[in-house]
Amino acid sequence: MITVTKINDRDIVVNCDLIELIESTPDTTLTTTGGRKIIVLESVEEVVEKVIAYKGRINKIKAE
């Protein structure tokens, strides 16, 4: 799960395993596997970095 900021400045937690697309149009839009679109303040690169960091933490826990 990653925390992102919606355009109304509210933080939400998203299950990154359900993100299908990340687009910059020019706002960053996350599209879930269920078709829901979420516009966030973070850039595409920031969202990708958050997903990579989350996956790294999960893999570290599994390795222990």
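Predicted model: local features only at pLDDT ≥ 70, side-chain atom pairs only at ≥ 80, totals over all residues.

Student: Which residues of β4 sit on each side?

Tutor: T28, L30 and T32 are on one side, with T29 and T31 on the other. Both faces are covered, and these residues are all buried.

Student: OK, and how many bridges join β3 to β4?

Tutor: There are 5 bridges between β4 and strand β3 (residues 19–24), and the two run antiparallel. They make a hairpin with 3 residues between them. As for a specific pair, E23 has T29 of β4 as its bridge partner.

Student: What about β4 and β5, how many bridges there?

Tutor: That pairing is antiparallel too, with 4 bridges to strand β5, residues 37–40. In β5, V40 stands opposite T28. This hairpin has 4 residues between the strands, and G35 in it takes a positive phi near 95°.

Student: Switching to the backbone: where's the cis peptide bond?

Tutor: Between T25 and P26, with omega at about -15°. P26 is in the loop between β3 and β4.

Student: And which residue other than glycine has a positive phi?

Tutor: D9 is one, with phi near 70°.

Student: Where is D9, then? And is it buried or exposed?

Tutor: D9 is in the loop between β1 (2–5) and β2 (11–14). The relative accessible area of D9 is 58%, so D9 counts as exposed, the cut-off being over 50%.

Conventions: Residues numbered from 1 in each chain as written. Heavy atoms only, no water. Buried < 20%, exposed > 50% of the residue type's maximum accessible area, 1.4 Å probe, protein only. Pairing = 2+ DSSP bridges.
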